[in-house]
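Biologist: Hi! I'm new to this one, could you walk me through it?
Modeller: Happy to, let's have a look together.

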Amino acid sequence: MSRQKAEQDQQLIDTVEKAWQTGMQNYQQGHAAAAKANFDYAVDLMLTSGLDIRNDPALSAEFDRIVDAENTQELDALRQKTNAASQAAEPAPVDIANDVTFPVDPNVKAQAEAELKVTQSDLPLVMNDPVASFINFFTHTTLGHNTIVGSLTRAGRYKEMIQRVLKEEGVPQDLFYLAVAESGFRPQAVNPRSDAAGMWQFMPYGTYGLRRTAWYDERFDPEKSTRAYAREIKANYEQLGDWYLAMAAYDWGAGNVQRAVQRTGYADFWELYRRNNLPAETKNYVPIIIAVTIMAKNPKQYGLDDLAPDPPLLDDTVTTDYAVDLRLVSDITGAPLQEIEALNPSLLRMSTPPDEPFDLHLPAGAKAGFEQTIAEIPEDKRRYWRYHVLQPSDTISDIARTYHVSTSEIAFVNQLSSTEDLSGVDALVIPVAPSSAPSSLRTARYKVRHGDTVVTVADRFGVTVEQLRRWNHLKGSELAVGRSLYVSEPARITGSSRGRHGRGTRRHASAKETASHSTAASERGQKRSGGHPARRVDESRAHAVAGSSAKKKKHI
């Protein structure tokens with residue numbers, strides 16, 4: 001490397017480092033919007049430097065560090081959202097158990113001992129004071145009873161899938177109940193103290209095959225995280241030789257449990273319990289799982305016989321290699337957006353990732369219709385365009401106002417001969433511009449908001465950083481809040497006539513050909529394979545964390 005090149009690299013790194021440090025300070029102080037602006041600015045500096053980032057080790061390391069920081073911030077935002085929505089309202093049993101103590105009711109214990117004799121389980125269930133105290137708590141306190149009812153109700157959605165995976169991985173079926181202690185069967189649960197996340201509460205690092213990118217976090221994928229859980233607890237058992245110790249290791253870490261065994265000479269959970277060689281949470285953890293298992297297998301005795309588990313989540317799966325917004329998926333399948341989100345809890349951005357395979361889950365029976373309809377929408381428009389099923393009272397003007405597009409655009413992409421006549425039309429493809437911008441048939445303006453950078457605005461409107469700078473005579477990357485920017489969309493948006501049911505494939509092909517021809521001039525030189533800088537940021541983020549999987553909380 002020449003001296004001049006080295007100096008150029010170091011100057012860029014120093015400037016980027018300053019923005020990164022400012023971002024970290026804002027992040028640690030809770031200023032999420034300011035931190036995001038700092039991180040975006042740092043990324044923007046590198047992407048627009050003209051230097052070969054990926055083939056320069058120093059620049060590549062700096063870029064990966066920035067992307068990692070932004071990924072961490074996105075997890076924090078999800079954590080705050082999840083906490084507000086559900087976790088604060090219903091903590092997991094292992095969390096509430098650390099704050100209170102429960103007496104042992106002799107009658108409850110005697111009843112449980114009798115039931116245990118006829119309770120079938122592939123785990124070695126026992127009855128003692130710690131287990132009896134939790135049975136008493138879950139049975140005779142409002143908080144405990146509501147917690148167990150909520151957990152076992154949600155469990156119905158995932159039980160068949162979890163037990164199938166446990167069987168495939170060769171571990172006991174009743175390890176299913178460990179999820180009660182971990183998350184209450186909430187796939188998007190996030191621990192506010194440790195950042196452990198998902199149904200099985202994996203940390204955002206580890207070696208169990210769960211990936212995190214800027215687009216998705218597989219810790220929130222019920223099936224993938226279940227398989228990772230089954231493999232981890234099986235590994236714990238193979239190391240420690242006892243299922244109770246394996247459970248304790250899932251909470252505290254196999255290395256910690258192994259050292260406790262070596263210190264005491266006892267490879268027995270209850271002996272470590274009595275000798276206080278376990279942390280308080282781990283001491284509670286195993287008795288909770290045993291108590292829940294006994295109660296779930298004897299529902300009548302514990303007031304759970306009226307519990308109605310949620311029905312199993314049934315779905316179809318399509319593998320995408322393109323970005324598609326979940327709102328468009330909802331439009332096409334006719335399922336509520338909330339249902340689509342629930343079927344795909346690992347997605348962080350309301351969209352599948354671009355340019356890599358992703359298993360998109362759809363309502364059962366929706367696969368064929370989805371694949372037929374999505375094929376008629378240009379691939380690079382699937383993050384923005386919508387699909388509108390017509391109601392008897394709909395007019396094209398009403399639809400245009402709803403989606404903030406022009407009637408002529410809707411008519412063009414759907415090959416309507418009139419902007420008034422919708423006879424014989426069942427549904428329309430709606431060419432919505434990115435971020436619901438004004439009509440793409442004319443130059444539009446956008447007012448800068450807090451947190452915006454040149455990169456994020458370019459990404460929002462589907463243009464390049466260079467174009468945005470040229471149209472607005474920008475020299476740097478920072479944007480003043482309130483400034484009005486010129487943005488640009490294609491002269492005409494390519495489209496299809498998928499909405500025109502019953503017109504035949506010839507008509508559909510004609511619509512795509514016509515629309516593509518009209519946009520060729522405005523989109524020349526912007527091939528999808530090149531992408532705009534914001535797209536490259538996301539790909540680099542995915543590269544930066546491609547080797548990252550998740551590991552259980554507290555592991556060292």
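Modeller: Keep in mind that this is a predicted model. Let's start with two helices: α10 passes α13 in a right-handed crossing.
Biologist: Which residues make that contact?
Modeller: From α10 they are Y244, M247, A248, Y250, D251 and W252, and from α13 they are E281, T282, Y285, V286, I289 and I290. Sorted by class, that gives 9 nonpolar, 1 polar and 2 charged residues.
Biologist: And at what angle do the axes of α10 and α13 cross?
Modeller: Roughly 130°, and the axes come within 9 Å. Helix α10 covers residues 243–252, while α13 covers residues 280–297. The two helices are therefore oblique to each other.
Biologist: Okay, new topic. How many aromatic pairs does the structure hold?
Modeller: There are 13 aromatic pairs. One of them is F176 with Y177, an edge-to-face pair with 5.0 Å from centre to centre and 80° between the planes.
Biologist: Are F176 and Y177 buried or exposed?
Modeller: Both F176 and Y177 are buried.
Biologist: What about the rings of F202 and Y250?
Modeller: Their centres are 6.1 Å apart and the planes stand at 85°, so that pair is edge-to-face. F202 sits in strand β1 (residues 202–203) and Y250 in helix α10, so the pair ties together parts 48 residues apart in sequence.
Biologist: Why does F202 count as buried?
Modeller: Because its relative accessibility is 0%, and buried means under 20%. Y250 is buried too, with a relative accessible area of 0%.
Biologist: Which residues form an aromatic cluster?
Modeller: W200, F202, Y229 and Y250 form one together.

Note on methods
Residues numbered from 1 in each chain as written. Predicted model: local features only at pLDDT ≥ 70, side-chain atom pairs only at ≥ 80, totals over all residues. Heavy atoms only, no water. Axes fitted to C-alpha atoms, helices over the stretch in contact; angles between N-to-C directions. Helix = DSSP H or I, 4+ residues; strand = E, 2+ residues; numbered from the N terminus. Parallel < 35°, antiparallel > 145°, perpendicular 65-115°, else oblique. Left-handed = near helix turned anticlockwise from the far one by under 90°. Contact = heavy atoms within 4.5 Å. Nonpolar A, V, L, I, M, F, W, Y, C, P; charged D, E, K, R; others polar. Phe/Tyr/Trp six-rings, centres within 6.5 Å; stacked < 30°, edge-to-face > 60°. Buried < 20%, exposed > 50% of the residue type's maximum accessible area, 1.4 Å probe, protein only.
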